[in-house]
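Thanks for coming, everyone. I'll take you through one structure today.

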Amino acid sequence: MDLMDDHQQYQESLALHALDALDAAEARALEAHLVSCAECRTSLVEWRDATGLLAHASTPAAPSHELRGRILAAARAETRAPQTAASAKVVPMPIASRRSNLWPNLLKIAAAIAIVGLLIGMIVFWRHDVGLQRDIARLTHERNRTADQLARERDARAKEHDAVAMLNSRDTKKMELAGTPTAQNARGTFVFDPKTGRGLLLTEGLPTAPADKAYEVWFIPKGHTPMPGKMFTVDASGQAMVSGEIPLEARANAVIAITLEPKKGSAAPTSAIYLASPGS
Amino acid sequence: MKAESSKSSDGDLLRALARGDQTALASIYDRYRLILFGLVMRILHDRAEAEEVLQETFLQVWRRAGDFDEARGRAFTWLVTIARSRALDRLRASASRGRVASEAAQMPRDEVGDAAEDALRSEQGKVVRQALTELPSEQRQTLLLAYFEGLTQTEIAARLGDPLGTVKTRMRAGMIKLRELLHDKLGNSM
């Protein structure tokens, strides 16, 4: 997954993060990203401002009149408290007791060192955790990609399997297609099952189609205009394997032809025939 | 004094608070007690607990006003965030969660106490409530569950019996729509 993808994903999580609705692991990963992404930090501020307005969805209500006084009194009391604490600290220690306080001081220093050590440990673990999460995300992505690839390969194998089964079946009929003067080296085989109408076309030696064109299959029942079939392209050696359904009218007795058409397909052939079954 | 403080911006008041100005604390209390108490009540459904939380909120505002940074969001957002997280902490600590669950997902009731009149006059409040009614109800529901019950996306999915992906999509869509609506109607003040 590249960095822009990551950034895009984090952008999409910002609204939910502003609601504190992300799950813990997702929120941690996003927080780690925010450290290095000013754009996301700015967006998050905007989302938080919007989220804050949700407070208005509640019905305004009045607290008791006494509460105001209690809060102001508590605030006043707090203002005095730190001063008392501060003045207590500057009372000079009797000289005699200074020595005896050496050990407790050493202990305090030791404790401070231990705490710093612990903090460093926590930071190391946290960074390790972020690294692990990134690894997991990458591995998941790779696994998904491999799964996609496997699925594609499985599809291709299933197709080949079907093709072989059709070629070997006693119920199918087989026609050889020959290249016309337009594509002298081309040849092809068309196999179809008259009962189900399933057909399979194998080609080789067809020229590679230009980017805006593709080959189109035509079924031409006796006395009918050509009926369009599937569009296909060929690989470097002119090979293709196309399977599809044959129109009902063309199942009994029809000629198969291949022409080169604009990519989106034509309703009637517009080019010379490249490949055709006998009888055309 | 009162006339003077009502002219000061939220940011000015918080800066005065940071310098230890107690009249600024009184002003900010008078300005936001209704909306903040309404918010805390909506989360806790208990007056006594809500008053305690409101007191803790304003004392935290008093102690930490120096931390407020206008570059990181509006003063209103800062105040509301403190009140909401304190109320949600209290909610999680108390066993009253089951009791309030069903009520909190509902829309605000229409009737308002007479003391709340001046807050209701606030254009912003009206606009937000109106915007919420314009959201599809299933989007609104997820936002309210997250905001007033402090549920995560996974908890919301479990509560509603909907797939997590659906819930995430709804929440994101809801937030985007809400922000658009608020932006159209409140413009720069949002």
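**Strands, a helix pair and a chain contact**

Let me begin with a pairing in chain A. Strand E3, residues 198-204 of chain A, pairs with strand E6, residues 240-245 of chain A. The sense is antiparallel, over six bridges. One caveat: what you see is a predicted model.

E3(A) has another partner. Strand E2 of chain A, residues 187-192, pairs with E3(A) in the antiparallel sense, again over six bridges. Here A:Gly188 stands opposite A:Thr203 in E3(A). What do E2(A) and E3(A) form? They form a hairpin, with five residues between the strands. Check A:Gly197 in the turn: its phi is positive, about 80°.

How many helices and strands does the secondary structure of chain A come to? Six helices and eight strands. The order along the sequence is α-α-α-α-α-α-β-β-β-β-β-β-β-β. Chain A has 280 residues, and 23% of them count as buried.

On to chain B, and a helix pair. Two packed helices are described by the angle between their axes and the distance between the axes. Helix H9 of chain B, residues 137-149, packs with helix H11 of chain B, residues 164-186. The angle is about 95°, and the axes are 8 Å apart. Angles of 65 to 115 degrees count as roughly perpendicular, so H9(B) and H11(B) are roughly perpendicular to each other. Which residues make the contact? From H9(B), they include B:Glu138, B:Arg140 and B:Leu143. From H11(B), they include B:Val167, B:Met171 and B:Lys177. By class, the contact of H9(B) with H11(B) has six nonpolar, three polar and four charged residues.

Last, the contact between the chains. How many residues does each chain give? Chain A gives 35 and chain B gives 58. On the side of chain A that touches chain B, the elements giving two or more residues are helices H1 (3-18), H3 (38-52) and H4 (65-89) of chain A. H4(A) gives the most to that side, with 10 residues.

I'm happy to go back to any part.

Conventions. Residues numbered from 1 in each chain as written. Chains lettered and ligands numbered in written order. Predicted model: local features only at pLDDT ≥ 70, side-chain atom pairs only at ≥ 80, totals over all residues. Pairing = 2+ DSSP bridges. Helix = DSSP H or I, 4+ residues; strand = E, 2+ residues; numbered from the N terminus. Axes fitted to C-alpha atoms, helices over the stretch in contact; angles between N-to-C directions. Parallel < 35°, antiparallel > 145°, perpendicular 65-115°, else oblique. Contact = placed C-beta atoms within 7 Å. Nonpolar A, V, L, I, M, F, W, Y, C, P; charged D, E, K, R; others polar. Buried ≥ 20, exposed ≤ 12 C-beta atoms within 10 Å, placed from the backbone.
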